[in-house]
Amino acid sequence: MYELTIRRMALLDVGQVMDVERQTIGPPCTIEDLVERLNQRNAVGMVAEIETGIVGYMIYALHKSIVFVSGFCVSESWRRRGVGSAMARCLMDRLDTQQRDWLDVEVSESNLPGQLFWSHFGFRAETIYRGHGDAGDAYLMRYRRGANIPANRITKACRHLWPD
């Protein structure tokens, strides 16, 4: 068993985050892209970490009523082991603690595992973006605060970040 911690990304984490990013399903971003996303107004970077290092990361921006996820990736060897679910639950908890209504993520049309992952948490495809970057078309998938998704043990991984 492993202990998973989700915490804010530090500058020292960028090397490990880029290692995870290279395992992404779509075209990976460059270190310059990553830094640019993190430097945007209201941007937050988080990492999922076990004892041996970083196994996932997410970058999101806090807007008035929306949390927009601009990056979300789990190391290939840690997929389907609860890491992505813990990260997604932290994002959903963020809606409640920050009084925001929507959680948005863009998923490439060619990324079926990503579409199914977000659908599992109650996200619905709202819009399709044609010719979206190098990955082709993409879906805007949206989750509404208060959607009836059953809680599970994974929520404990990020409870210390946003106490009740």
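Analyst: Happy to! Ala-88 is buried, at a relative accessible area of 1%; buried here means under 20%, exposed over 50% and partly exposed in between, with a 1.4 Å probe and protein chains only. This is a predicted model, where local features need pLDDT of at least 70, side-chain atom pairs count only at pLDDT 80 or more, and totals for chains, interfaces and linings use all residues. Residues are numbered from 1 along each chain as its sequence is written, and side-chain values use heavy atoms, with hydrogens and water left out.

Ala-88 belongs to helix H3, residues 83–98; helices (H or I, at least four residues) and strands (E, at least two) are DSSP runs numbered from the N terminus. Setting aside neighbours within four places in sequence, Ala-88 has contacts (heavy atoms within 4.5 Å) with Phe-72, Phe-117, Trp-118 and Phe-121.

Now for the strands, which pair if DSSP finds at least two bridges between them. Strand S4 (residues 66–74) runs antiparallel to S3 (residues 53–62), joined by seven bridges, and a hairpin of three residues connects S3 to S4. Across this pair, Tyr-57 stands opposite Cys-73 in S4. S4 also runs parallel to S5 (residues 102–108), through four bridges, with Ile-66 partnered by Trp-102 in S5.

Finally, back to the helix: S4, H3 and S5 form a right-handed β-α-β unit. Right-handed means that, with the strands pointing away from the viewer, the path from the first strand over the helix to the second runs clockwise.
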